[in-house]
Amino acid sequence: MKKRSELQEKDLQYIFHPCAQMKDFEENPPLVIQKGEGLYLIDEEGKRYMDCISSWWVNLFGHANRRINQVVMEQINNLEHVIFASFSHKPAIDLAEALVEVLPKGINKFLFADNGSSCIEMALKLSFQYHLQTGNPQKMKFISLENAYHGETIGALGVGDVDIFTQTYRPLIKEGRKVRVPYLDSRKSEEEFQKYEEECIQELRDLIESSHHEIACMIVEPMVQGAAGMLMYSANYLRQVRELTKKYNIHLIDDEIAMGFGRTGKMFACEHAGITPDIMCLAKGLSSGYYPIALVCITTDIFNAFYADYKEGKSFLHSHTYSGNPLGCRIAVEVLKIFKEENILAMVQEKGAYLQAKMEELFEGKDYVKSYRRIGMIGAIEIHEIPGQERVGRKIAALALEKGVLIRPIGNIVYFMPPYIITKEEINTMLQVCKESIEEYLKATKN
Ligand SMILES: *Cc1c(COP(=O)(O)O)cnc(C)c1O
């Protein structure tokens, strides 16, 4: 076992890390990162790692990005923060204006939050209160998808369906209705898939037709369920969800927290289905990994349900102290400018196609691969179960990290979601290391 550095010792003395069993760190303590540089993270000893998960799906344009650093410096010298309850500032206004240009038509009002989970809470509360204030107080239930992930606050867990996060807290959670999802699966024939998709749509139709009077909203991760293991489903299903929810006065909440801002090759993943949701949640890539900022984006129709004389009690009294922070807003404005001026979406599509071709070259037909999938700048490789072996992905990811490539495990899956600035040579290295790590692990388990 490698000797721990002084900072690692102190880290373990004081810090309780997220999404981890602290005891696991006895074996591999957290890496102390000293510097970020484009695609790379650099540790205490100067070792470089390719950040192929964009530091938890947030970084789009690389660490220490020159353009963003510049605007942070300017903004911080001007105004670092101001209460947003009854004050405003140009960065927030510019951000709203720039977003209206790129969001689906009809989404044009914005509420500000500081993380993804809290904007999910806001979306659910908004939907419930909308119905309460428009003559449908009985509409108070939520529908969500099987294997969904929408964050880990108590409300968000109610519409989530990833057991490791939910299980312990069930007694505290107000559980929503979950419906099946038609996952894309290359092992199914066209005919089999259509049958499966139609079953899923029918199940949703039955649920909505029988209980729409008590359903406020349906929430989805569009096209890809990230935390479930980058599971991908059909655009047609999403279109059907939109049609059914619209027909029965049920809000469609589109959680673009992970998939927004180009991840799937479109600015927002709902564009694959050509739909306009009622509510959209944005975070993560919104600030390209620089600042905790999140937005709930709504239609004028929803906004109007809250617009009344104060004494009518229709206000939306939900606030977060750091709502509308000017630094976060200014960064997000720059992110949108970079998209436009540097033609980022075309770049993601081109590199995505390259990623696809390379994945096929390296993983097609390999007996250890159960399935692999890709959309935009997201890829996942699922390894067959190995009898007697647990947390397989985790062990593979640890090997990859030793080789200088940061990928993440989910069960038997390893995935990558690199910043868009990754080069084709770096894509080659990422995939090659991924493959070597899998094969090295398999060889070790055989001996
Ligand atoms: C990350 C994520 C969230 C939660 O966002 P936090 O900022 O981590 O609270 C919600 N939904 C999806 C789809 C996410 O990927």
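These are my notebook entries on a few things I looked up in this structure, which is a predicted model.

**Entry 1: the whole protein**

I started with the overall make-up, and I found 14 helices and 17 strands in the protein. Next I checked the radius of gyration: it is 22 Å, close to the 22 Å that the globule rule gives for 447 residues, so the protein is as compact as a globular protein of that length. I then looked at the box that the C-alpha atoms fill, and along the principal axes it comes to roughly 70 × 60 × 45 Å.

How much of the protein is buried? I read off 53% of the 447 residues. I also looked at contacts between residues at least 6 apart in sequence, and 70% of them join residues at least 24 apart.

**Entry 2**

Two packed helices are described by the angle between their axes and the distance between the axes, so I noted both each time.

Helix 3 covers residues 66–78 and helix 11 covers residues 326–341. Their axes come within 9 Å and cross at roughly 150°. Angles over 145 degrees count as roughly antiparallel, and helix 3 and helix 11 are therefore roughly antiparallel to each other. I noted the crossing as right-handed.

Which residues make this contact? From helix 3 I listed Arg67, Ile68, Val71, Val72, Gln75 and Ile76. On the helix 11 side I wrote down Pro326, Leu327, Arg330, Ile331, Glu334, Val335, Lys337, Ile338 and Glu341. Sorted by type, the residues of this contact come to 9 nonpolar, 1 polar and 5 charged.

**Entry 2: helix 11 again, now with helix 4**

I stayed with helix 11 and looked at helix 4, residues 90–102. The axes of helix 4 and helix 11 come within 8 Å and cross at roughly 35°. This crossing is left-handed, whereas the one between helix 3 and helix 11 is right-handed.

Helix 4 brings Pro91, Ala92, Asp94, Leu95, Ala98, Leu99, Glu101 and Val102 to the contact. Helix 11 answers with Pro326, Cys329, Arg330, Ala332, Val333, Leu336 and Lys340. I counted them by type as 11 nonpolar, no polar and 4 charged.

**Entry 3: helix 12 and helix 14**

My next pair was helix 12, residues 344–363, with helix 14, residues 424–446. Their axes come within 10 Å and cross at roughly 30°. How are the two helices oriented to each other? Angles under 35 degrees count as roughly parallel, and that makes helix 12 roughly parallel to helix 14. I noted a right-handed crossing here.

In helix 12 the residues that meet helix 14 are Glu350, Lys351, Tyr354, Leu355, Lys358, Met359, Leu362 and Phe363. Their partners in helix 14 are Lys424, Ile427, Asn428, Met430, Leu431, Gln432, Lys435 and Ile438. By type, I have 9 nonpolar, 2 polar and 5 charged residues in this contact.

**Entry 4: two residues with positive phi**

I then looked at backbone angles. Asn147 has a phi near 65°, a positive value in a residue other than glycine. I found Asn147 in the loop between strand 5 (141–145) and helix 6 (154–158). Its relative accessible area is 26%, so Asn147 is partly exposed.

Ser288 is not a glycine, yet its phi is positive at about 45°. Ser288 lies in the loop between strand 11 (279–282) and strand 12 (294–299). Is Ser288 buried or exposed? With a relative accessible area of 0%, Ser288 is buried.

I picked out Tyr40, which sits in strand 2 (residues 40–43). Buried means under 20% relative accessible area, so Tyr40, at 18%, counts as buried. Leaving out residues up to four places away in sequence, I found that Tyr40 touches Lys35, Arg48, Tyr49, Met50, His63 and Glu426. Glu203 is 163 residues from Tyr40 along the chain, and their C-alpha atoms are separated by 46 Å.

Lys195 counts as exposed, at 58% relative accessibility. I also looked from Lys195 to Val405, 210 residues apart along the chain, and their C-alpha atoms are separated by 40 Å.

Technical notes
Residues numbered from 1 in each chain as written. Predicted model: local features only at pLDDT ≥ 70, side-chain atom pairs only at ≥ 80, totals over all residues. Heavy atoms only, no water. Axes fitted to C-alpha atoms, helices over the stretch in contact; angles between N-to-C directions. Helix = DSSP H or I, 4+ residues; strand = E, 2+ residues; numbered from the N terminus. Parallel < 35°, antiparallel > 145°, perpendicular 65-115°, else oblique. Left-handed = near helix turned anticlockwise from the far one by under 90°. Contact = heavy atoms within 4.5 Å. Nonpolar A, V, L, I, M, F, W, Y, C, P; charged D, E, K, R; others polar. Rg over C-alpha atoms; globule rule 2.2 N^0.38 Å. Buried < 20%, exposed > 50% of the residue type's maximum accessible area, 1.4 Å probe, protein only.
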